[in-house]
2 protein chains.
Amino acid sequence: MQSKTRFRCCTLALLVGALMATAAHAARPERTFQTDEAFDAAAVPAYAGDHAAAYARIDADLDEHVAHLQRWVRQRSISAQDDGIDAMARLVADDLRGLGFRDVELVETPGHPGVLGYYDAGAPHTLVVYMMYDVQPIEADWQIGDPFAGELVDHELGTVLMARGATNQKGPQRAFLNAVDAMLKADGTLPVNLYVVAEGEEELGSPNFGAVLEPWIDRLRQADGAFFPANAQTSAGEIALPLGVKGIVYFELEARGGERGGPMRAEIHGSYKALVDSPALRLVQAIASLTDADGNTIAVPGYYDQVRAPSLDEQRLINALAATADDAGVQRQLGVSRWIDGIEGRDALVRLLYDPTLNINGIWSGYGGEGMMTILPHVATAKIDSRLPPGLEPDVAERMIRAHLDAGGFEDVTLRRLSGYPAAATGVDTPLVQASIGVFNKYGVVPRVSPWLAGSAPFYQFTRTLDLPFVLGGLGHGSGAHAPNEYMVIRPADGVNAAGLAEVEKAYVDLLHALAEQAGAP
Amino acid sequence: MQSKTRFRCCTLALLVGALMATAAHAARPERTFQTDEAFDAAAVPAYAGDHAAAYARIDADLDEHVAHLQRWVRQRSISAQDDGIDAMARLVADDLRGLGFRDVELVETPGHPGVLGYYDAGAPHTLVVYMMYDVQPIEADWQIGDPFAGELVDHELGTVLMARGATNQKGPQRAFLNAVDAMLKADGTLPVNLYVVAEGEEELGSPNFGAVLEPWIDRLRQADGAFFPANAQTSAGEIALPLGVKGIVYFELEARGGERGGPMRAEIHGSYKALVDSPALRLVQAIASLTDADGNTIAVPGYYDQVRAPSLDEQRLINALAATADDAGVQRQLGVSRWIDGIEGRDALVRLLYDPTLNINGIWSGYGGEGMMTILPHVATAKIDSRLPPGLEPDVAERMIRAHLDAGGFEDVTLRRLSGYPAAATGVDTPLVQASIGVFNKYGVVPRVSPWLAGSAPFYQFTRTLDLPFVLGGLGHGSGAHAPNEYMVIRPADGVNAAGLAEVEKAYVDLLHALAEQAGAP
């Protein structure tokens with residue numbers, strides 16, 4: 001990266017000054033692909049194992065398994081309101097103990113407690129299973145009276161469990177434990193050892209998840225991978241398998257009146273603008289300095305250069321995604337008429353995955369009501385985030401933004417970081433990913449595998465803190481996370497391709513076996 | 001102006017391209033003064049007339065005069081809430097009829113009615129008296145129970161009338177009519193003919209004041225001047241006499257998702273910023289293009305050049321103001337540590353009066369609450385105003401701003417004008433101004449005369465629509481316009497220099513006589 005930048009500067013030294021001024025701005029590096037090969041998920045051998053005893057157990061105990069899901073969603077656990085948190089943490093711990101997990105413990109943190117547990121199967125391989133036991137607050141407009149009643153509801157997709165946490169994430173997590181229960185009852189043991197690491201603050205941004213891992217960190221690092229059970233199917237039964245997430249740095253920029261000028265105490269009459277600096281204009285100028293005039297190209301020097309180029313494996317994944325990309329469909333869904341610069345297909349995928357972003361989540365200052373108020377506000381604030389592809393670290397990103405503001409004379413504009421963590425990415429060739437694809441293929445659902453999501457989550461705790469391959473996924477369909485009428489499909493209606501609870505659990509059985517077999521002898 | 005601009009361009013043509021790019025930006029014209037003479041308000045002869053009969057009548061009737069003020073403030077007339085408006089308009093009309101005004105009529109408008117009246121004294125000269133009969137809504141934290149009770153309250157400044165409208169503007173307006181009443185009772189006539197033009201929408205920005213003037217416009221244009229009775233004294237008794245106001249153009253700028261990109265329906269997830277235009281960044285860039293990076297120099301080409309240079313008379317006024325300017329005192333009052341660029345004294349006065357401004361009154365988009373929300377908002381809006389010194393017309397200003405936005409590629413950013421009117425300025429040498437200064441000097445209050453206020457008001461209706469000299473002012477002190485505990489001093493306490501009601505009214509008597517004498521024979 002560095003040498004490439006230096007070379008470009010040498011070339012530019014030959015050009016006139018005016019052009020150099022332009023070159024000082026950041027620009028997207030060219031992201032030429034070295035291969036047009038496309039990854040073929042269907043070519044990964046479908047998992048061939050047959051664990052009939054465990055499957056039969058799942059079918060026989062299905063009513064009981066549904067009841068376990070209901071028991072979990074009936075226990076309130078709204079982290080933002082500290083509602084039911086301790087009881088839910090104990091419920092998770094008790095369930096783990098009931099299944100035969102050892103050393104189960106509640107981990108105190110500065111926030112809500114975590115839960116750790118270990119199932120020692122005496123197996124050569126070990127999987128870390130991540131769980132979140134907290135849920136979002138309740139919105140006003142649910143169609144059912146009590147989002148914590150754990151009701152089974154008739155839905156166009158079949159019988160669904162409609163409840164807060166049904167799909168995010170109590171449903172799939174307890175389904176995973178149901179699969180464990182069935183394997184233990186059928187086979188007396190598990191094909192891999194399991195760690196469960198559960199936190200109660202995922203909906204708060206996982207501020208203390210590091211503290212939850214801390215007591216067992218050395219043990220956890222010895223595992224073979226980390227897994228987050230989730231309903232990854234669409235209602236049509238399709239499945240996306242992203243192998244990571246972008247990082248993020250989220251901060252507030254704020255301009256206030258102070259020693260350099262501007263009203264310090266409160267707003268003043270707008271006519272004084274002739275003599276008094278405007279914090280609102282100051283903030284606008286500071287933010288404007290972070291992008292080119294289009295608002296789409298980040299002007300912080302070197303910002304794009306930090307992002308690592310797509311690896312050959314990633315290029316193959318993107319080539320495959322591009323072959324069936326439906327830009328117009330996604331645009332319709334979002335209510336967007338076109339992508340930036342009118343790009344589409346592979347170009348759009350590359351931007352989505354490899355471009356850092358600079359986005360205003362909110363901005364406010366002064367008067368926002370009807371009609372006119374003539375004031376010079378004393379403070380102006382914006383909430384800004386930057387999504388960080390692998391290679392661009394949050395601390396580096398923040399430092400570069402701060403330095404660019406300072407270089408532009410905006411030393412007085414405050415940058416208050418609210419959150420920040422790096423990207424996470426797992427290679428498609430890791431045993432955990434290969435096992436996952438194999439299991440999906442067994443169930444006839446060829447996954448769309450992507451290098452990572454454009455969104456962010458603190459999965460670096462697995463890929464970096466624990467240094468493990470990490471997969472999020474599973475059969476099953478739900479919807480309504482962070483929205484009313486959250487549900488998970490339990491028994492799909494005829495013609496619905498999304499898996500029902502029994503199949504979801506059988507696929508978890510297969511995954512543990514497939515991982516044990518993929519990983520090979522120790 | 002035009003030829004000067006052309007000359008400067010020719011000079012610049014000799015320079016390199018990079019410098020020309022800078023020159024394309026607007027810059028403050030140099031405002032070199034041709035004179036260091038200072039206007040001496042004390043040198044204007046104090047008004048020497050003595051109208052003892054009228055003065056005696058005022059003293060004798062003072063309790064009744066106070067009762068008239070109380071009667072006016074007791075009639076609610078909150079224009080924003082259409083509360084008491086029609087009753088107040090009738091009350092004004094009835095009072096005028098009672099005083100002997102002819103042709104008194106209510107003028108229907110698309111909003112609240114106006115009131116017109118004419119007192120024919122058979123005099124050679126005629127004054128238009130502007131009144132506003134509406135008041136602001138009531139704030140929560142008044143120290144008295146009912147802001148419409150018309151209470152006389154003991155105050156550190158003496159006995160005051162504390163009520164909504166006490167000083168803004170019912171108190172001074174009815175005081176003026178009290179003076180008229182006393183002159184009529186003492187002398188049987190007035191020294192000048194009077195038009196009263198009253199509106200009920202001043203607090204709404206006078207949207208229909210043109211319609212109020214319209215029926216009598218040709219008659220009104222024949223008058224010698226227009227006057228707005230007001231309590232112009234500070235609590236220390238000092239008086240400012242601004243001879244005009246800046247104009248204003250007030251507009252909203254708004255960016256939304258649309259055909260060129262961005263979310264059209266609603267906010268979307270912030271991670272899509274890699275592919276989707278941000279209306280908030282678009283708005284920020286558009287606003288940023290209107291000023292240089294300091295937020296203080298307007299970057300719209302030619303914007304400053306429209307403002308006319310200070311006349312010799314204005315230079316003398318400013319030289320006088322500069323001699324006693326208290327920048328630090330005003331800064332302390334405003335809570336501001338310094339003026340822009342650290343200027344002060346005459347330089348600051350020139351900027352305050354001759355700089356057009358570009359100010360953000362408010363800006364808002366997306367999420368403004370606690371913590372983090374990761375969205376790409378679909379709309380962003382700002383309320384922006386530009387104060388316009390004489391020479392810069394609101395239509396021209398708006399057109400230049402729109403053209404500059406378009407030239408910068410911001411055609412998609414909507415400009416919604418909410419209000420706009422030009423500046424108003426009256427020459428210091430006009431008989432009305434000279435009469436006013438003479439009367440103030442008689443009462444020992446040498447006024448600080450300024451070319452105009454940095455603030456805005458639609459006084460162009462007098463100086464341009466009616467083409468008349470216009471003065472706003474009078475003895476008397478009040479405070480709390482647009483705030484709780486509004487008051488007007490009725491009987492000042494010992495040692496308080498602000499005039500009491502009797503002196504306020506006597507000065508109005510003197511003003512009408514002084515104007516008749518100043519204006520000379522027809």
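Begin with the core. Of the 320 residues in the largest nonpolar core, select Val128(A) and Val128(B), which touch the most other members. A nonpolar core here is a set of buried Ala, Val, Leu, Ile, Met, Phe, Trp, Tyr and Cys residues joined through C-beta atoms within 7 Å. A residue counts as buried if 20 or more other C-beta atoms lie within 10 Å of its own, as exposed if 12 or fewer do, and as partly exposed in between, with C-beta atoms placed from the backbone. In soluble globular proteins, nonpolar side chains tend to be buried together.

This is a predicted model, in which local features need pLDDT of at least 70 and side-chain atom pairs count only at pLDDT 80 or more, while totals for chains, interfaces and linings use all residues. Residues are numbered from 1 along each chain as its sequence is written, and chains are lettered from A and ligands numbered from 1 in the order in which they are written.

Staying on Val128(B), show its contacts, two residues being in contact if their C-beta atoms, placed from the backbone, lie within 7 Å. Leaving aside neighbours within four places in sequence, Val128(B) is in contact with Tyr195(B), Val197(B), Leu220(B), Ala223(B), Ala226(B), Leu466(B) and Leu468(B).

Next, display both chains together. The same surface serves both copies, since 100% of the contact residues of chain A recur in chain B.

Now hide chain B and colour chain A by domain. The assignment, which comes from an automatic or database source, gives domain 1 (52-243 + 426-518) and domain 2 (247-307 + 355-421) of chain A. The centres of domain 1 and domain 2 of chain A, taken over C-alpha atoms, are separated by 39 Å, and their contact takes 5 residues from domain 1 and 5 residues from domain 2.

Within chain A, select helix H5 (residues 85-99). Helices (H or I, at least four residues) and strands (E, at least two) are DSSP runs, numbered from the N terminus. H5(A) has 15 residues and reaches 21 Å from its first C-alpha to its last, close to the 21 Å expected at 1.5 Å a residue, the expected span being 1.5 Å times one less than the number of residues. Which residues of H5(A) are buried? They are Ile85(A), Met88(A), Ala89(A), Val92(A), Ala93(A), Asp95(A) and Leu96(A). These residues cover an arc of only 160 degrees around the axis, which puts them on the same side of H5(A); the arc is that of the directions from the helix axis to the C-beta atoms. On the other side of H5(A), Ala87(A), Asp94(A) and Gly98(A) are exposed. The cover over the buried residues of H5(A) includes strand E1 (102-107), strand E2 (114-119), helix H6 (170-187) and strand E6 (193-199) of chain A. H5(A) is followed by Gly100(A), whose phi is positive, near 105 degrees.

Return to chain B and select helix H6 (residues 170-187), which has 18 residues and reaches 25 Å from its first C-alpha to its last, close to the 26 Å expected at 1.5 Å a residue. Of the 18 residues of H6(B), 14 are buried, so H6(B) is largely enclosed by the rest of the structure. After H6(B) comes Gly188(B), with a positive phi near 80 degrees.

Finish with the backbone geometry. Most residues other than glycine have a negative phi, and most peptide bonds are trans. The peptide bond from Asn168(B) to Gln169(B) is cis, with omega near 0 degrees, and Gln169(B) lies in the loop between strand E5 (158-162) and H6 of chain B. Ser206(B), although not a glycine, has a positive phi of about 55 degrees, and it is buried, with 20 other C-beta atoms within 10 Å.
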